[in-house]
Every structure is written in structure tokens, then in C-alpha cells.
Amino acid sequence: MSASFDAIVVGAGQAGPALAARLAGAGRKVAVVERASFGGTCVNDGCTPTKTLIASAHAAHLARRAGEYGVEIPGAVRVDMKRVKARKDEIVAKSSQGVRKWMEGLEGGKVYRGHARFTGRNTLRVGKEELRAEQIFLDVGGRPLVPKMPGIEAVRFLTNQSMMDLEVVPEHLIVVGGSYIGLEFGQMMRRFGARVTVVEMGPRLIAREDQDVSQAVKELLEAEGIEVRLGAECLTAEKDGEGVAIGLECKEGEPKARGSHLLLAVGRVPNTDDLGLEAAGIATDKRGYIEVDEELRTSNPNVWALGDCNGKGAFTHTAYNDYEIVAANLLEGARRKVSERVPVYALYTDPPLGRVGMSEAEIRQAGIEALVGKRPMTRVSRAVEKGETAGFLKIHVEAQSKRILGAALLGTSCDEAVHSLIDVVYSRIPYPEFQKRVRIHPNVSELLPFVLESLEPLK
Ligand SMILES: Cc1cc2nc3c(=O)[nH]c(=O)nc-3n(C[C@H](O)[C@H](O)[C@H](O)COP(=O)(O)OP(=O)(O)OC[C@H]3O[C@@H](n4cnc5c(N)ncnc54)[C@H](O)[C@@H]3O)c2cc1C
């Protein structure tokens with residue numbers, strides 16, 4: 001069986017569905033191929049479920065702190081993990097079904113369920129069907145990386161995917177990987193009542209962030225009773241009764257961490273090894289990411305790669321932005337480029353970290369003469385009123401142009417507050433212009449102009 005289309009979209013994650021809808025809306029005959037759940041990682045085992053679970057964890061945390069606010073909750077706070085999971089499942093299912101119905105209802109679209117694999121430069125096989133199109137768009141995302149650590153094949157471990165099925169709170173969760181995914185799960189599980197040990201190979205947590213950010217995040221996790229083991233250079237895994245033991249060879253402390261459950265959160269790999277890319281003449285880099293140009297076209301000019309699989313971003317908003325770039329260039333005659341995108345993201349620990357633009361380390365590396373302003377969250381009246389004063393606000397400015405280069409905002413509501421700086425970085429206005437604007441009181445964002453009053457040279 002074979003069928004021809006104007007366009008084939010492989011993967012109904014964060015870029016694919018919007019692009020398919022846009023192309024179909026423009027009158028193109030479109031095939032959408034999805035092998036698993038509609039909505040991809042973000043909807044099914046990424047953003048949506050983790051932020052839903054984090055909301056439950058926050059409720060438990062706040063309930064335990066209720067006395068600080070003059071609220072009495074008699075008895076101990078108990079977490080019913082089955083109900084926590086049911087709430088998460090309901091939200092995920094609604095979202096995934098929404099994407100499925102959207103795709104199945106597309107006028108001019110046809111959905112294929114199954115794994116797509118290239119058989120030629122313009123053809124893909126899905127089950128028994130051969131699909132052909134002039135234009136093919138890959139939005140195949142990624143999956144958890146299982147590290148080659150000695151002994152790992154002999155132990156049971158969890159990933160961000162299997163964490164979604166947990167119906168009990170682990171007695172002691174060992175998280176291998178002290179970066180974004182590991183820290184979100186670690187804090188969440190601690191708040192559900194687990195003992196948590198975070199094991200990180202590097203000398204500090206979230207190594208991509210500045211030293212002061214890593215340190216502050218470590219301190220706030222430790223304040224909640226999470227054990228953090230850094231510099232775990234030679235990781236090994238072995239069975240330990242019903243549980244698991246992780247060999248660390250850390251410079252300090254016990255050489256082993258023993259726990260009931262193990263979560264591997266050491267990174268992700270693109271789903272590009274089983275796509276038959278060679279048949280279509282599509283090149284990847286050493287790590288398997290599909291090589292693309294500024295407009296996200298692959299080495300085969302009829303094929304584009306969007307989202308996590310092109311290595312240009314690792315977020316839902318970057319995947320969606322890829323769709324916007326491709327759609328604008330193909331349907332509106334625009335010449336949008338992926339390099340025009342400013343790096344922005346959040347780490348959803350509590351308090352969250354909101355990030356935009358360059359970090360201190362990147363500014364130094366680029367040799368830019370810069371100024372830095374920093375204020376603790378204890379200066380933010382809203383944070384004081386909420387009883388959530390951990391963290392700080394830090395903004396970097398280019399000395400000569402007075403443009404904001406980047407910011408790291410770690411504190412309550414900073415995942416939202418960072419957006420006012422995102423707009424400023426994009427608009428490239430000098431910071432004194434930003435300072436003139438009135439903000440709402442009491443609000444985290446209102447302190448940002450004052451952070452810029454404390455600028456001093458970045459040493
Ligand atoms: C635990 C966790 C938390 C996260 N939290 C956030 C967050 O808070 N904010 C944020 O911005 N990002 C977050 N992310 C990242 C975010 O989920 C991804 O960046 C985003 O989902 C990428 O979208 P995508 O479209 O590139 O790929 P995906 O969402 O992974 O979608 C790819 C789709 O392609 C399908 N597919 C793959 N290969 C084939 C094939 N050969 N044939 C047919 N179908 C195929 C897959 O089944 C999948 O549905 C998180 C990720 C994880 C793991």
C-alpha cells in the first residue's frame with residue numbers, strides 16, 4: 001500500500017501537531033505519523049505530569065508549613081500517592097486526547113499510528129504502508145539516556161517515563177544526575193515523604209548554571225533534608241537486598257549510597273537511531289542529533305528537523321518555536337533563523353529558577369565587559385509576605401550598550417517574573433528604559449529595576 005501527500009509530519013510532540021495543522025490549513029494534504037502517545041514527551045512524561053506532580057508536592061510542603069502561617073492542620077500530613085497519580089493521569093490524558101482529536105479531525109490530514117522509517121529520500125514506511133511526500137518534517141524528540149555504568153543491567157531502575165507509574169512513595173530514592181530533571185523529581189519525592197539522595201558526577205549541581213545558582217539550589221534542597229553527593233566520579237550499581245546500592249567513590253562521605261529505588265536522570269538521547277536516516281541522506285552529529293541549517297532544513301533539502309531531535313533546544317517552547325520558524329519561512333516567505341532565539345528556560349524546583357540569555361560564565365568566556373546587579377529575595381516584599389524568601393535576583397548588563405545580557409532569577413514566582421526580562425533582552429533596549437516602567441506592587445518583578453541600581457563591574 002502506498003499513499004502520496006504534500007507533507008508528512010513524523011512525531012506528534014510539540015512542533016509536529018501545530019505544523020501539521022498549519023500546513024493543512026494552507027490547503028496541503030498532510031500525513032501525521034505517531035508511534036506512541038499524542039503530545040509526545042512534554043504531555044505524557046515531561047512538562048505536564050512533572051509540573052502536575054510538583055503541584056501536589058507543593059501542597060504537601062505547604063500543609064507541613066501551615067503552622068508558620070497560623071493555620072492548624074491536626075495530625076501528620078499524609079500523601080496518598082495513588083490519588084496524586086490519578087490527578088496527574090487525568091490531566092495528562094485530557095491533554096494527550098486533545099492533541100489526538102485535533103490531529104484526527106484535521107481537514108486535509110490523515111493520521112498513521114506506528115513507527116516511521118525512511119526507505120528513500122522522499123519516502124517513509126509505516127507498518128505496511130509506504131508514504132511519499134515532497135516535504136517531510138521530523139519532530140521525533142528524545143528518550144532518557146541509560147548510562148553505561150557497571151552493574152546497571154542487573155538492577156531495577158526508573159527513568160522519567162517509568163516514574164509516571166509510581167503508585168507508592170519510595171522509601172529512599174537515589175537520583176543519579178543532579179540536573180534539571182533529577183532535581184525536580186528529587187525535591188518532589190522528598191516532599192511526598194521519601195528519603196532522597198541526589199548523586200552527581202560533577203563538582204556541583206546544575207553545572208550549566210553559575211556557581212552561586214548551583215550553591216543556592218543545593219542549600220535549599222539540603223534544607224529540606226535531601227542528601228547531595230557531588231563528585232561521584234566512578235558510578236557503579238548493584239543489588240542490595242530488595243533495593244539498590246550505588247557506588248560513588250566520592251572524595252568525601254560513605255563510598256556507597258543505598259536506597260529502595262533508583263532514578264536515572266543523566267540526560268536524553270534523540271530518537272534518530274531508528275529512523276533510517278541514511279536512506280534519506282540525512283546527516284547527524286556525533287551524538288545523533290540531526291544536523292540542520294538556520295531554517296531547520298536537514299542535509300536533505302526536502303526534509304526539516306524540529307524540536308529536541310535537532311539539538312537546537314531541549315524544551316517545549318524551543319520545539320514550538322521551531323514550528324513557528326519553519327511555518328513562517330515556508331508559508332509566509334519569511335527568513336526566520338533559529339539563531340535569532342534567545343535562550344530562556346526555567347527549573348521548576350521550589351523556588352523556581354527563571355533564566356534568560358547569557359550566564360556569568362558565558363559572558364566571561366565571550367570576553368564581554370559587563371556589569372552585574374544582585375539582590376536577595378529577602379528584599380522582595382511579596383516574597384516576605386508569602387514566607388518564601390530563599391534565592392536571589394541577578395542581572396547582567398553589557399557595560400557599553402547598557403543592554404541586558406542575561407539574568408538568573410531564583411525565587412518564588414521567578415519562572416513568571418523572568419518574562420519581563422525576556423522581553424527586554426529581545427527588544428535590546430538599554431536598561432535605564434526598562435527602569436522607567438511602572439510595575440505592580442507587591443510583585444517579584446517590581447524589584448528588577450532596583451536590582452539594576454546595584455550594578456557593579458563583573459570581575
Ligand atoms: C521529566 C521532563 C520534564 C520536562 N519539563 C519541561 C518543562 O517544564 N518545560 C519545557 O519546556 N520542557 C520540559 N521538558 C522537555 C520537553 O518535554 C521536550 O523538550 C519537548 O517534549 C520536545 O518536544 P518534541 O516535539 O521535540 O519531542 P517529543 O515531545 O519527544 O515528541 C516526539 C514524538 O515523536 C514520536 N516519534 C519518535 N520517533 C518516531 C517515529 N520514528 N515514528 C513515529 N513517531 C515517532 C514520539 O512517540 C513522540 O510522540 C521536560 C522533559 C522531561 C523528560
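**Around the ligand**

I looked for the ligand's neighbours and got 39 residues, where a residue is near a molecule if one of its heavy atoms lies within 4 Å of it. The closest are Gln 14, Glu 34, Thr 41, Lys 51 and Asp 139. I have to keep in mind that this is a predicted model: local features need pLDDT of at least 70, side-chain atom pairs count only at pLDDT 80 or more, and totals for chains, interfaces and linings use all residues. Residues are numbered from 1 along each chain as its sequence is written, and side-chain values use heavy atoms, with hydrogens and water left out.

A backbone N or O atom of Asp 308 is 2.8 Å from a ligand oxygen. For a polar backbone atom of Ala 314 I noted 3.1 Å to a ligand oxygen, and for one of Phe 315, 3.2 Å.

How much of the ligand does the protein bury? I found 94% of the 1,000 Å² that the ligand exposes when taken alone, with areas from the Shrake-Rupley method and a 1.4 Å probe.

Among the elements giving two or more residues to the shell are strand E2 (30-34) and helix H7 (316-331). Helix H2 gives the most, with four residues. (Helices are DSSP runs of H or I with at least four residues, strands are runs of E with at least two, and both are numbered from the N terminus.)

**The whole chain**

I counted twelve helices and 22 strands in the protein chain. Its radius of gyration, taken over C-alpha atoms, is 24 Å, close to the 23 Å from the globule rule for 459 residues (2.2 Å times the number of residues to the power 0.38), so the chain is as compact as a globular protein of that length.

Then I picked a sheet: three strands, open, in the order E11-E12-E13, with antiparallel pairing. Two strands pair if DSSP finds at least two bridges between them. Strands E11 (236-240) and E13 (256-259) stand at the edges with a single partner strand each, so one side of each has no neighbour in the sheet. Four bridges join E12 (residues 243-247) to E13. I looked up Ala 245 and found Arg 258 of E13 as its bridge partner.

Notes:
A polar contact is a pair of N or O atoms within 3.5 Å; within protein, one must be able to donate a hydrogen and the other to accept it, and residues adjacent in sequence count only if both atoms are side-chain atoms.
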